[in-house]
Amino acid sequence: MNSGKGQANELLDRDLIVHLSELRKRLIYVAGWFLVAFAAGLFESPRIIRFIKSHLGGIQVEWSVFALSDGLVVYMKCALLIGITITLPFLMYHFWAFAKPGMTESEARGTLIYVPMSVLLFLLGGTFGYLVALPMMIRFMIKLNQSMGAAEVYGIQHYMSFLISFLLPMGIAFEMPLVMTFLTRIGLLTPEKMKTIRKYAYVSLAVLGSLISPPDFVSHLSVTVPLILLFEISALGCSIYYRRRLKYAMQPAQ
């Protein structure tokens, strides 16, 4: 009896070691890929920073440097952002590949689409924030500063930190369709539950829109309305998927 338990524990330990070794190997691959992407980001950072300065909705902002290290810090932050963006699909693919042995063939095929879709939605959110919401916010801030008679001197390091801290939440917010689809897929979200949470979702999205947009009414609507439309499109897609899945489940097996 004890020998049987010992053999079972030994097999479990062996499986755990195999899984940890597999995870370690994939994390090493991801780390190596990130270093290459980070190096590419360092090379492309000057060009990207110049593009950001000259393609921001026609807004001309003069940058200043307040410390010798400001330029280096901005280059490193830009390279880090590029490295993370390029590494994201590679990281998600390896997480999917690591979990694949525990999934059925249909589950593996169904979840593989999450890898490119997550990256696409993140980039879409960042692009929307950069082209639509960010210029409105910067114009509002400039007018506010000018109304106080303040001299406009913008530090490049603070400017880039503000840019990144603004665009990242937008990219994450646009992951909403993927999160809702995943929750529907695992059974935690149903059309009935979506009807219940809709009013809370509207309030949450309105608060989020007010936090990441200027306080004027037009700018607030320009950010909040697309987020609500994104929620409704996600809810519609999830409802269609749920009913189709329920229909297939009720069909008799042949």
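## Lining of the largest cavity

The lining of the largest cavity is made up of six nonpolar residues, one polar residue and one charged residue; Ala, Val, Leu, Ile, Met, Phe, Trp, Tyr, Cys and Pro count as nonpolar, Asp, Glu, Lys and Arg as charged, and the others, Gly among them, as polar. The lining residues are L23, R26, L27, V30, L91, H94, F95 and F98. At least two of the lining residues come from each of α1 (2–54) and α2 (70–99).

A cavity is a set of points on a 1 Å grid over the protein atoms alone where a 1.4 Å probe fits but cannot get out, and lining residues have an atom within 4 Å of a point.

## Basis of the model

The model is predicted: local features need pLDDT of at least 70, side-chain atom pairs count only at pLDDT 80 or more, and totals for chains, interfaces and linings use all residues. Residues are numbered from 1 along each chain as its sequence is written, and side-chain values use heavy atoms, with hydrogens and water left out.

## Overall architecture

The chain contains eight helices and two strands, in the order α-β-α-α-α-β-α-α-α-α from the N terminus. These elements are DSSP runs numbered from the N terminus, with helices (H or I) of at least four residues and strands (E) of at least two.

Of the 254 residues of the chain, 32% are buried, that is, under 20% relative accessible area with a 1.4 Å probe, protein chains only. Contacts (heavy atoms within 4.5 Å) between residues at least 6 apart in sequence join residues at least 24 apart in 81% of cases. Carbon and sulfur atoms account for 71% of an accessible surface of about 16200 Å², computed by the Shrake-Rupley method with a 1.4 Å probe.

## E175 and helix α6

E175 lies in the loop between α5 (156–173) and α6 (176–185). This residue counts as buried because its relative accessibility is 15%. Apart from neighbours within four places in sequence, E175 contacts S118, L121 and F122.

Within α6, the buried residues include M176, P177, L178, M180 and T184. G187, with a positive phi near 90°, follows α6.

## Cysteines

Zero disulfides are found in the whole structure, a disulfide being a pair of cysteine sulfur atoms within 2.5 Å. C78 is buried at 6% relative accessibility, and C238 is buried at 2%.

Definitions and conventions:
1 Å grid on protein atoms, 1.4 Å probe; cavity = no way out; pocket = protein on both sides within 12 Å on 5 of 7 lines; lining within 4 Å. Buried < 20%, exposed > 50% of the residue type's maximum accessible area, 1.4 Å probe, protein only.
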